[in-house]
Amino acid sequence: MTEYTQIFKGTAFSSTSPKEVQTLKDYLFFINADGTIEKVVAPEHIDYQTLLDTYQDNENFHQLADGQYFLPGFIDLHVHAPQWAQSGTALDIPLYDWLNKYTFPIESKFSDLDFAKEVYEDLVSTLLANGTTTSLYFATVHKEASLLLAEICAKKGQRGLVGKVVMDDPEQNPDFYRDADTQTALADTEEFILAVKELAKSTKQGVYPVVTPRFIPSCTDGALKGLGELAAKYDTHVQSHCSESDWEHGYVQDRFKKNDAFALHDFGLLGDKSVMAHSNFLNDADAELFAETGTAVGHCPISNAYFANSVIPIAHLHSKGVDIGLGSDVSGGFSPSLFDNARQAVMSSRMLEDGVNTALAAEKRGVPNSRITINEAFYLATAGGGESLSLPIGRLEENYTWDAQIIDTKIASAKLPIFDKNEDLNDIFQKIMYLVRPENISEVWVQGNKVHERTK
Ligand SMILES: [Zn+2]
């Protein structure tokens, strides 16, 4: 009898393509010692009953109760970890004031490791409780506090990809919050990369260092070039903000006479392991460059509603072959939940398609063929995120990691409106995506380990 560390039986939902969600009714999932799904067995399979008889009395056999379902763990492609401390505040003011009066002052406080520990521990626990099993984080400019965030992810069992933020241009950044100079920014980044790679050796679910220029406006040419070289030298992930808003897009055009995508590419910052947050203003040439280089878009629909001056054409970018995942952008986006962001992704796309200005005739109001479905939003939060990061995560399939959330539709305080015992499972999936609250997430698993259990 083969030894598996965990075996699960239940009904799961997992994307097979951006538009298609497969329902795996009463499947068996066999997890190996690495925390990878070694075998998935359908009830129709000839061995199903024998396997069930063999394993169902074992201690490590988990059978879902009536009303419970598996979803893949969510993958958040854009979280500013220090901004958790100001989530939900100051969203009614312009971006410039938001950054200078609120965001930079709060981020500067993370030189204090006690404060950093308090905020980061709470954030990582909160994200896990919301079903987010992998996060791509911006930390702050501080090397030590950034490493602390990676350590907290390692300890709490979340797969964390963490960047020490680089913002070295003295003309663009406040004196109280920036790298001392370009050399220090690059040296700190290199030390940070090495420290996280060391930590990764003892972290089952993985932690990853990420080369992180805040965005082009905050960095000198020397820093951008040096960061591209570090990403190549250590084969790291890369993240930044790209073509987010009118101001930022225009700034890069003025400085380089080209769009962000081509400027970032010149510095060696685009590639298969690169994720660019927002990217609302990509034109077709930019999108083609993203597709060619394997660069992904981290779509942040809630944040975009406040700061991006636009709705990103997700359906169009998908048609161009660009990898796309979902980001909360805490705290430009107020919610740590990718359920909330998936809902907003659908709603924003519908508003882009229909348009918003009632003074215009219906046929002139919107952008045709822009809507995405809830299936596509689910894909962004799961499989699309995995492809964006080039990691085997986001699907409940063989050779993917067992990163899963158990959704309980019957919990008394947040019962879903399911009244038909034989309700169509696709309808139940849609109710889950639109109505689930954190209370409905009863367990969260990462790489075969249980990392969150709802307290009763
Ligand atoms: Zn951001």
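The chain is divided into two parts, domain 1 (6-72 + 396-453) and domain 2 (74-389), with bounds that come from an automatic or database domain assignment. This is a predicted model, in which local features need pLDDT of at least 70 and side-chain atom pairs count only at pLDDT 80 or more, while totals for chains, interfaces and linings use all residues. Residues are numbered from 1 along each chain as its sequence is written, and side-chain values use heavy atoms, with hydrogens and water left out. Taken over C-alpha atoms, the centres of domain 1 and domain 2 are separated by 30 Å. Where the two domains meet, 33 residues of domain 1 are in contact with 24 residues of domain 2, contact meaning heavy atoms within 4.5 Å.

The zinc ion is coordinated by the NE2 atoms of H78, H80 and H241, at 2.1 Å. Donors here are N, O and S atoms within 2.8 Å of the metal (3.2 Å for Na, K and Ca); water is not among the atoms, so sites may look incomplete. Along the sequence, the donor residues follow the spacing H-x1-H-x160-H. Distant parts of the chain are linked in this way: H80 belongs to strand 6 (residues 74-80) and H241 to strand 11 (residues 237-242), 161 residues apart. Strands (E, at least two residues) and helices (H or I, at least four) are DSSP runs, numbered from the N terminus. Both H80 and H241 are buried, a term for under 20% relative accessible area, with exposed for over 50% and partly exposed in between (1.4 Å probe, protein chains only).

On a 1 Å grid over the protein atoms alone, a cavity is a set of points where a 1.4 Å probe fits but cannot get out, whereas a pocket is an open set with protein on both sides within 12 Å along at least five of seven lines; lining residues have an atom within 4 Å of a point. Grid points are joined across faces, edges and corners, and a volume is the space filled by probe spheres set on the points. A search of the whole structure finds two cavities of 30 Å³ or more.

The largest cavity has a volume of about 180 Å³. It is lined by 17 residues, of which L95, W98, L99, H241 and E244 are the closest to its centre; H241 is also one of the zinc donors. At least two lining residues each come from helix 2 (95-108), helix 7 (246-256) and helix 10 (301-307), and helix 2 gives the most, with three. By class, this lining holds six nonpolar, seven polar and four charged residues. In this scheme Ala, Val, Leu, Ile, Met, Phe, Trp, Tyr, Cys and Pro count as nonpolar, Asp, Glu, Lys and Arg as charged, and the others, Gly among them, as polar.

The second largest cavity holds about 30 Å³ of space. Its lining is made up of H299, V311, I312, I314, A345, S348, S349 and I372. Helix 12 (residues 338-354) provides the largest share, three residues. Five of the lining residues are nonpolar and three polar, with no charged ones.

Turning to the open spaces, the largest pocket contains about 530 Å³. Among its 23 lining residues, D66, G67, Y69, K421 and I428 are the closest to the centre. Strand 1 (6-15), strand 2 (21-31), strand 5 (68-72) and helix 16 (425-435) each supply at least two residues of this lining, and the largest share, three residues, is from strand 1. The lining divides into eight nonpolar, six polar and nine charged residues.

The second largest pocket has a volume of about 280 Å³. Its lining includes L95, L99, N173, W247 and S218. Helix 2 contributes the most, five residues. There are eight nonpolar and four polar residues in this lining, and no charged ones.

S218 sits in the loop between strand 10 (207-213) and helix 6 (221-234), and it counts as buried because its relative accessibility is 1%. Leaving aside neighbours within four places in sequence, S218 is in contact with V166, M167, D168, D169, Q172 and N173. V275 is found in strand 12 (residues 274-278) and, at 2% relative accessibility, likewise counts as buried. Not counting residues up to four places away in sequence, V275 touches several residues, including L77, V238, A296 and L389.
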